[in-house]
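Please read the points alongside the coordinates.

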Amino acid sequence: MEALIPVINKLQDVFNTVGADAIQLPQIIVLGTQSSGKSSVIESLVGRSFLPRGPGIVTRRPLILQLVYSPKDSKEHRSAEEVYKRQEDGNDSWNPLAQLTQNIFSKGTVNLDEWGKFLHTKDKIYSDFDEIRKEIERETDRMAGSNKGICPEAINLKIYSTRVVNLTLVDLPGITKVPIGDQPEDIENQIRNLIVKYIANPNSIILAVTAANTDMATSEAIKLAKDVDPDGRRTLAVVTKLDLMDAGTDAIDILCGRVIPVKLGIIGVVNRSQQDIIDRKSITDSLKDEATYLQRKYPTIASRNGTPYLAKTLNRLLMHHIRDCLPELKVRVNVMISQFQSLLNSYGEDVSDKSQTLLQIITKFASAYCSTIEGTARNIETTELCGGARICYIFHETFGRTLDSIHPLVGLSRMDILTAIRNATGPRPALFVPEVSFELLVKRQIRRLEDPSQRCVELVHEEMQRIVQHCGTEVQQEMQRFPRLHQRIVDVVTQLLRTRLPATNSMVENLVAIELAYINTKHPDFHREAALVSGLLKSTDGIVEDHSPMFRQKPRPASTVATIIKLLLRQMGERGSVLVLLAKIFEHVPAITDGQDRSPPQNNFDSAPQVNGSPENKALTPQKPVNLLPEVPSQTSRKLSDREQHDCDVIGGREHVYQKSNKVVDGICMMQLNHMGDLVERLIKSYFYIVRKSIKDSVPKAVMHFLVNYVKDNLQSELVTHLYKSDQAESLLNESEHIAQRRREAADMLKALQRAGQIISEIRETHMW
């Protein structure tokens, strides 16, 4: 198990080179208040005085200290080679004559009992521990200033000795309350956050240092340790300055855990005083005096206290802790190797052939763009609709529902329809429903479909512009790597979409214009829907008979009326398609006289001429004029407008026009107008539904053909035309500086992780027991 701590030291060295703390390595964290004796405890463990000492805050940067046991016969850490120092002028070439004349070289470590190495000075060997102290002070002043400021960046020091046990310690700045010198006002929070950052590592052992001449209940170190380790399974308490307690008091209750219990134990030590440091009292003499004091003052527990016992305890705790953490550490290293390998791959390799790389990126982008539209991309978005799915949603949900929400008669009232019918007849009374009014009204409603169609084109255009940012993670990583190329690709795609937008809008406008150009009243769906109008008017025949006592209904041959209608149709040409419907309808409308004959209805029936075989049938001329506009009872007539009332008063007098005899108003009765209004409404609805169905089907097809498919088919050729030029390849493939920096960091971290995995894999099962 002794081999585990050197393994952790190797891992620490590996990750210190990349400046990363992602791997939480097992180590011992020393914390305590200012001047509580932390540095003295560490020096006692090392056996040499090498840390800066003095009043006030001295430790101003974390110090990661690795103690490595290296016996004289060890060949692992010792070297007999003589490493020549570089010349003063910085010339690295080896000149034997110059080396011999200057006689500047450092001895190897084969004969040294102890020496130190700093990470920031690479392979320089420090055999003088005073030099180690001065280097720590210089490095601290370099980063934290010379006036009591602190710095969170750690100093890494490795000490090899024949008198130490394998340990990894971290010495942290002491907890303080009041800022001094250049320290900021929040110095307490800064130090506290720095300490918590280290002790929050679940793989660390907390060494809480508290002075014996202070109340244990007020110990800041114990409080911080309990905050991050409430169970106390990784906290060891050290009580310093046992010899400075007030006369008549002792620390027996504290050391036995009767005051504040600590699961891993409480160990008491005796430090060197400031006068001992001034007198340069050696650590060896100090350890002898400590053992003498403990035997005299605490004879029953002397064997479980003191610096030697503390070193053995820390070594044992650290080894067991490493053994427990090692399996999880191995898994974490393997996972991070995979993560950083993927990250490094995403940054790509250095570009050698820029023209080839540019063409590959263009091809990859065009392929990813088309795949996103077609839904065949390797990475499917799960948080929102995008690409082709979004375009489908626009077509069938947004656009479709918008068209469905447009009512065929929106903006048209019954009075508007009746007014349009009357205006279309001019000065002549209406015999049939004027087709001019129907066409004008239905065209007015069809134009309402144009705005939603144009909006559909805009939404699809916006989505295709947005696909540039969502066309695959690999392509996006390439875009981040080459920002200028990314911007130029966005410009080309935007320009291509912009050039296709007018053509698409024009086609959509033409689709609506085509529907407006010719009202096809012979459309099969229009005839099927319009056939229902016949039933609507049939149901009103009985109402006319019951409420119109002045109408005289006579049995007349259906062929007579139909023949008259056919003659009219020949004169009106193709526009008679609606009238064909009306001819069928009016076959069931009773023949109405012109109102001159007042004889009862039964007499009319008896005196009616026979149709079949009579001369009148051949002449096709009725005995009396046929009036298809019945008079309307007074209760259904509408109120005249002021202008109409004025015209009636001027022409024939008020009493003559609006009287109780229920005569027609302006030559057209309101019941017949209402029937015409119902007919026109049904016809408008029927034809509007046909056009809406056609627009709902044709607009998405036009957008797909003129915009989506065109861009898919021509995107790569457009990109190659505008970007694949030899003079632009150099500038377009200038890599972003932060991407290059991240690639270097990822490569260094991957090497460190691979080296760490190799070190861990060298541990055998026998090493752990």
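Helices here are DSSP runs of H or I with at least four residues, numbered from the N terminus. The model under discussion is a predicted one.

1. Salt bridges overall. A search of the whole structure returns 24 salt bridges.

2. R133 makes a salt bridge with D130, with 2.9 Å between the closest N and O atoms. R133 is classed as buried because its relative accessible area, 18%, falls under the 20% limit. D130, by contrast, counts as partly exposed, at 28% relative accessibility.

3. The pair K281 and D289. A salt bridge links K281 with D289, and the closest N and O atoms are 2.3 Å apart. D289 has a relative accessibility of 40% and therefore counts as partly exposed.

4. The pair in helix α12. R401 is joined to E397 by a salt bridge whose closest N and O atoms lie 3.0 Å apart. Both residues are in helix α12 (residues 388-404); because they are four residues apart, about one helical turn separates them. R401 is exposed, having a relative accessible area of 56%, whereas E397 is partly exposed at 27%.

5. Cysteines. How many disulfides does a search of the whole structure find? The search finds zero. A disulfide is a covalent bond between the sulfur atoms of two cysteines. Regarding accessibility, C151 counts as buried, with a value of 7%, while C256 counts as partly exposed at 36%.

6. Helix α2. Is helix α2 largely enclosed by the rest of the structure, or largely open? Nine of the nine residues in this helix (residues 38-46) are buried, so α2 is largely enclosed by the rest of the structure. Just after α2 comes G47, which takes a positive phi of about 90°.

Definitions and conventions
Residues are numbered from 1 along each chain as its sequence is written. This is a predicted model: local features need pLDDT of at least 70, side-chain atom pairs count only at pLDDT 80 or more; totals for chains, interfaces and linings use all residues. Side-chain values use heavy atoms; hydrogens and water are left out. A salt bridge is a side-chain nitrogen of Lys or Arg within 4 Å of a carboxyl oxygen of Asp or Glu. Buried means under 20% relative accessible area, exposed over 50%, partly exposed in between (1.4 Å probe, protein chains only). Helices (H or I, at least four residues) and strands (E, at least two) are DSSP runs, numbered from the N terminus. A disulfide is a pair of cysteine sulfur atoms within 2.5 Å.
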